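I opened this notebook to keep track of what I looked up, entry by entry. The structure comes first, and my notes follow.

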Amino acid sequence: MKDREQLCKKFTELIGWHWHEFLAENKGQYQCSCLNSVIYNDKNELNKHIKKSNHTYKTPADVLKVMARRDDYNEFICSFQKKYRLDINEFIEKYIIESDTLLKAAVEFLEERNGK
Ligand SMILES: [Zn+2]
């Protein structure tokens with residue numbers, strides 16, 4: 001699994017969603033970790049399901065939309081001011097323009113909240 005995919009998986013699991021991945025193969029039949037009732041007769045079909053099901057959080061907006069559903073959203077947003085002492089320009093430069101930094105920050109925030 002690539003680093004970026006690993007990051008997406010971690011974020012997905014931290015927010016309590018399911019990450020889809022190959023679970024098992026038995027006599028040419030493939031099953032996804034979501035344990036849906038569909039058994040795939042072809043690994044490509046399983047891969048299509050996985051690709052379609054997993055979130056990719058390609059933009060900072062994708063991360064913010066997910067975080068905004070949480071009760072601790074304000075705390076997350078305020079952490080950039082409090083913890084990193086960033087003004088809005090620095091925030092935009094570091095977390096909106098630079099790719100995946102907001103996703104990493106969200107993972108870090110959620111891990112800290114979970115006491116990891
Ligand atoms: Zn699945």
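Is glutamate 108 buried, partly exposed or exposed? I found that glutamate 108 counts as partly exposed, because it has 14 C-beta neighbours inside 10 Å. The cut-offs I used call a residue buried if 20 or more other C-beta atoms lie within 10 Å of its own, exposed if 12 or fewer, and partly exposed in between, with C-beta atoms placed from the backbone.

Before going on, I noted that this is a predicted model, in which local features need pLDDT of at least 70 and side-chain atom pairs count only at pLDDT 80 or more, while totals for chains, interfaces and linings use all residues. Residues are numbered from 1 along each chain as its sequence is written.

I placed glutamate 108 in helix H6, where helices (H or I, at least four residues) and strands (E, at least two) are DSSP runs numbered from the N terminus. Its C-alpha atom is separated by 18 Å from that of lysine 58, 50 residues apart along the chain.

I then looked up the largest nonpolar core, which has 12 residues in all, among them Cys8, Phe11, Val63, Met67, Ala106 and Phe109. Such a core is a set of buried Ala, Val, Leu, Ile, Met, Phe, Trp, Tyr and Cys residues joined through C-beta atoms within 7 Å. Two or more of the core residues come from each of helix H1 (3-14), helix H3 (60-67) and helix H6 (101-113), and H6 gives the most, with six residues.

For alanine 106 I listed contacts with Phe11, Val63, Met67 and Phe76, leaving out residues up to four places away in sequence; a contact here needs C-beta atoms, placed from the backbone, within 7 Å.

**Entry: H5 against H6**

I looked up how helix H5 (residues 88-97) packs with H6, and found an angle of about 95° with the axes 6 Å apart. The axes are lines fitted to C-alpha atoms, for helices over the stretch in contact, and angles run from 0 to 180 degrees between N-to-C directions. H5 is therefore roughly perpendicular to H6, since that word covers 65 to 115 degrees, while under 35 is roughly parallel, over 145 roughly antiparallel and the rest oblique. On the H5 side I noted Lys94, Tyr95 and Ile96, which meet Thr101, Leu102 and Ala105 in H6.

**Entry: the loop between H5 and H6**

Aspartate 100 lies in the loop between H5 and H6, and I noted its positive phi of about 70°, although it is not a glycine. Most residues other than glycine have a negative phi. Aspartate 100 is partly exposed, with 18 other C-beta atoms within 10 Å. Glutamate 98 is placed in the loop between H5 and H6 as well, but it is exposed, with 12 other C-beta atoms within 10 Å. Glutamate 98 and threonine 59 are 39 residues apart in sequence, and their C-alpha atoms are 9.8 Å apart in space.

With 4 C-beta neighbours inside 10 Å, lysine 27 counts as exposed.

I found threonine 56 in the loop between helix H2 (43-53) and H3. Threonine 56 is 44 residues from threonine 12 in sequence and 9.4 Å from it in space, C-alpha to C-alpha.

How values were computed
Two residues are in contact if their C-beta atoms, placed from the backbone, lie within 7 Å.
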